[in-house]
4 protein chains.
Amino acid sequence: MIIVLKPEATKKDADEILKQISDMGLKPLYLPGTERTVLGALGDERVLENLHLDNHPLVERVDPILTLYKIVSREIHPKDTLVKIGGASFGGDTFTVIAGPCAVENREQIVQTAKAVKNAGGHCLRGGAYKPRSSPYSFQGLGIEGLKLLKEASAASGLPTVTEVLEVSDVEYVEKYADAFQVGARNMQNFRLLKILGQMHKPVILKRGMAAKIEDLLLAAEYIVTEGNPDVILCERGIRTFETAMRNTLDLSAVPYLKKHTHLPVIVDPSHGTGVRELVLPMSKAAAACGADGLMIEVHNNPKAALSDGKQSLSPEQFSELMHGIKPFVKAAGRTLPKK
Amino acid sequence: MIIVLKPEATKKDADEILKQISDMGLKPLYLPGTERTVLGALGDERVLENLHLDNHPLVERVDPILTLYKIVSREIHPKDTLVKIGGASFGGDTFTVIAGPCAVENREQIVQTAKAVKNAGGHCLRGGAYKPRSSPYSFQGLGIEGLKLLKEASAASGLPTVTEVLEVSDVEYVEKYADAFQVGARNMQNFRLLKILGQMHKPVILKRGMAAKIEDLLLAAEYIVTEGNPDVILCERGIRTFETAMRNTLDLSAVPYLKKHTHLPVIVDPSHGTGVRELVLPMSKAAAACGADGLMIEVHNNPKAALSDGKQSLSPEQFSELMHGIKPFVKAAGRTLPKK
Amino acid sequence: MIIVLKPEATKKDADEILKQISDMGLKPLYLPGTERTVLGALGDERVLENLHLDNHPLVERVDPILTLYKIVSREIHPKDTLVKIGGASFGGDTFTVIAGPCAVENREQIVQTAKAVKNAGGHCLRGGAYKPRSSPYSFQGLGIEGLKLLKEASAASGLPTVTEVLEVSDVEYVEKYADAFQVGARNMQNFRLLKILGQMHKPVILKRGMAAKIEDLLLAAEYIVTEGNPDVILCERGIRTFETAMRNTLDLSAVPYLKKHTHLPVIVDPSHGTGVRELVLPMSKAAAACGADGLMIEVHNNPKAALSDGKQSLSPEQFSELMHGIKPFVKAAGRTLPKK
Amino acid sequence: MIIVLKPEATKKDADEILKQISDMGLKPLYLPGTERTVLGALGDERVLENLHLDNHPLVERVDPILTLYKIVSREIHPKDTLVKIGGASFGGDTFTVIAGPCAVENREQIVQTAKAVKNAGGHCLRGGAYKPRSSPYSFQGLGIEGLKLLKEASAASGLPTVTEVLEVSDVEYVEKYADAFQVGARNMQNFRLLKILGQMHKPVILKRGMAAKIEDLLLAAEYIVTEGNPDVILCERGIRTFETAMRNTLDLSAVPYLKKHTHLPVIVDPSHGTGVRELVLPMSKAAAACGADGLMIEVHNNPKAALSDGKQSLSPEQFSELMHGIKPFVKAAGRTLPKK
């Protein structure tokens, strides 16, 4: 940790801080300059948190030398983590595709969509039973009834399932009916929920928040993994910027950046990431090209009648085209699309 | 609602949509143009949600004519709502100041800080028992123990209290020990939590999310108020932008905008909104000047030793200066600072 | 154009505006509603600019129905435009790569880099003689001397050249020494410069500004094309967001969006777009995958000693790896890399 | 300067860099740690620019200890700079108001508006002769004819004038006809223009770019001042964020931040900064409250008919209300509004 003192700090102030650093078991460094004095502290910076040096009135700035996340970091754990959702695996040589509707709406819709996803070559079924909606007047999901329908659709199609948890009390139901938890962008920093999911035995797909830096995403994953659940899949789904032509700005550069800095699998959601149907296929190809481990795609058996996010949903035919369209890019990336 | 059709839409497509609009009880409008056909739907646009016209493959764009929020809107309810936290009131002619530490750390800290806040002229005490922290290695709050200490500090100082709820299960404890709920920026769209708070009988301070548009904030408030709790105070606390000199960009223009569009009280948190101690006083003056109903300020009896956010915390002396410093601006704004 | 009136507007106010619309030769529409009156104007919306209806005190909002850009729009001109820089062509079935150093520094550097670019299979040479630098203390480019060296490097390597113009007075020199003009992100809305370039007879590479919406970029291109120069290549090079892990956020979704809405070629600069050397190759692959017509890459014969942007520059070996690495993705996209 | 090495850097690599630092006349520091080696360089960091250490393949990160701007910094030059535009002064105890139309449109408009500004108590007249407009189909200004009309309006009202320069060739005309140059947000990093203005003898109002960090603004000012012109006034006018309710997000916290870090005067433009007429008065009050040295306000004798930006323009009556409305806040801030 590098500690830059304010111009008015004296040698005595510096000595006092150096002693605190040394008392924490770290190596202190004193670097007097003509305009500023700089101090250093070498060792595990997490213990320095307790000194709260950034609160000190004579400290201008504290810069960490090391990353704040540890166990999700590739530096600590260089080998790729492989996460399995039912028979689908993420993080190895495969390129794995999760698809399904934004929300479970009724039996026919989810079962038909599941079969279409399976037929087109998709590997996992998604479908929300609990929906976070900006407006209280929008459709909020079917709840447990939706989870049961999702399980039926899983049985009918043979696909494992992923569904969103909005709240701690949803966790037990989702664990009962689905194969993986999804944490949505709005909940990426719902730390209580993350901790509970860290104690579960099913994988977690963690979506990046709309205002979350990549480091925030990795720290959120660290919350889950430190509690004991190593099976976390990170998902880039767009951030909020000034651009209004798309719903969000899909930050694909986060994919190779994450793959370099963490051992966790990374997938991309181009449906929410752009909010525009026509952009889903090209951005899926780009995701495969830049090293993603898979995709999450919105598919609805009848997008025109979808109760939410229909504008970005693909029809079964369009999804089938997508599965064909990404093939050469998946191959060029040295990956394989697992067979149906 | 204005519906712009794609160039390829035919008269028949338009007629089909117009019929749907008319079937929902709204007045349909047909506006053929040389390059695009535009349709209109006049009436309560909330019922049109169910048509999901933005999903329609021949619809290019749907623009609402009216706001999506209703009962928090000043158009529906022109008179200012007055919200009371204990004896402190928000939304009338007063300018009301909530102050206290980021987190409750121990008895001495919270009791001393509470007394200092009271002596300096503050009207409400804040202090977190449950803390949302980006890193799992940071101090996470004292939990129920913290709530009990907050209540002691309230008794010792005579100040009503506000504290954050992170999760549905926190609600009953906070309702027992504190006078108002705070929903933090990371939870602004935790809709389940908002709904529960809408069923409680104590006021809610709702902070704007880091990536939340003003309309999102109003829709979040609508979640609470539609459930039956009218006592919501909105709080501007900075949004995330590219600027790195401050922790967030405090969007003060949101204050007069909100005061124009909603009847709910609006306060400003310049401590989180800037993250820089020296900016707290000038931005507090500016908040008073542009029409805010009050402030939320971080004060710590010993900022140097604070377990969180010390960098932006004021000492008791600095808070006392702030209470003096804002006086002429509060007066210029035609408000009064309630006496101790 | 859709014109939403304020609640207080009367029938008489509406009639007055409708008459103005009709006087401009457009078709006026009157849509009275229970809460708001909406007016419409159908026809070429550019003439409505002169009414300045958004200034009208009783107008709440004006929404255009049509795009503001016209001649760069694919709706007006559906066929792809092919732009040639020397023998390199952009916008057809090829995938064309521009490469070279950020700045021309000296003869050896630019000539060696040019040869390395040529040998690796690059198609155009870039190199700045006039450099826009945030700090006045940074290297500002060699000026005309740099242009002459660039021309020498072009002769030595056989590559056509692209170089940046900062200012109107640079245009004649660059036209004399180079094969194409580049307009940098900071100058995307230097409208005087755009107009002059619209009168030149060499192509223009127009980079997206750091805070420019895609529509702003298209309007900037419209400035050039309306003046008579049809040869504009658009370049996505990252926008400014809250993320600090990269220098900019490369908005690849802009590529398919632009390809859909304009007939102009679109290339990607992943060097400035990420600012991180390790991300250049994966984002180049992704650019090819999502439909870009080519790349602009920073290459320096000795990145360690580069006078600017060395951190993101590739060495000749790394550039050679890039040209190999993108091949399968270019092929998967149905494109070809022109032979050396 | 703090230099963090990559984990793979050896002692020999470190020694090589330390020698380079020492050869530049700075004091080198060697700080080996268990996970990373950190180097330091103490002294004038501007000379280190030439080492381009951020390009070095074994360097992970370079953090400056000192600011990059020097002569505009308050640390170097603690006393406030006073800038005079005609008889109006900025940066002392006064609060000075520049007002006028976005663009000069015709004699009657600019002369009437000038008189109205003068009568209401404004101190300077603004009015654009050269207008930067996003669309080539919008009004582009009257050019030199506009400058002449502005001078007439100045004579008729007795107010000194400010007008925008878009390009180097505008500078001589503006110097001839107006009392101060304005550099618009889109040109804040038009470095060639800044350098020319640095050689002129009239003051420059430098507006913050839409994607410019505060540090970028200070570096842009440094370009002007290093060339010899000390009379620069900085202007906060809003930055681009995801919020769409306003045209820009006015970053008022930049005002006290700038006043702390630079000796140059700082004014606020709430007209462009919000783009919403109703927000101009409250944000003007807030600007005075947080320490601004003045305002720039759009006023038009007939906003309904304005050729640009009418939506945010005040009528003469509204401007007069503003001059009255800000009075108590200016007084509370310890400033005076110079008499007519």
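This is a predicted model: local features need pLDDT of at least 70, side-chain atom pairs count only at pLDDT 80 or more; totals for chains, interfaces and linings use all residues.
Turning to chains D and B, the contact (heavy atoms within 4.5 Å) draws on 36 residues from chain D and 36 residues from chain B. Together they bury about 2800 Å², with 74% of it on carbon and sulfur atoms; buried area here is the accessible area, taken with a 1.4 Å probe, that two parts lose on being put together, summed over both. On the chain D side, D:Phe242, D:Ser253 and D:Phe329 lose the most area to chain B, together 20% of what that side buries.

Four salt bridges link chain D and chain B (a side-chain nitrogen of Lys or Arg within 4 Å of a carboxyl oxygen of Asp or Glu). One of them pairs B:Glu243 with D:Arg208, at 2.7 Å from N to O. As for helices (DSSP runs of H or I, at least four residues), α8 (254-261), α10 (277-289) and α11 (316-332) of chain D each supply at least two residues of the side that touches chain B. The largest share, seven residues, comes from α10(D).

Residues are numbered from 1 along each chain as written, and chains are lettered from A in the order written. Side-chain values use heavy atoms, without hydrogens or water, and side-chain atom pairs count only at pLDDT 80 or more, whereas interface totals use all residues.
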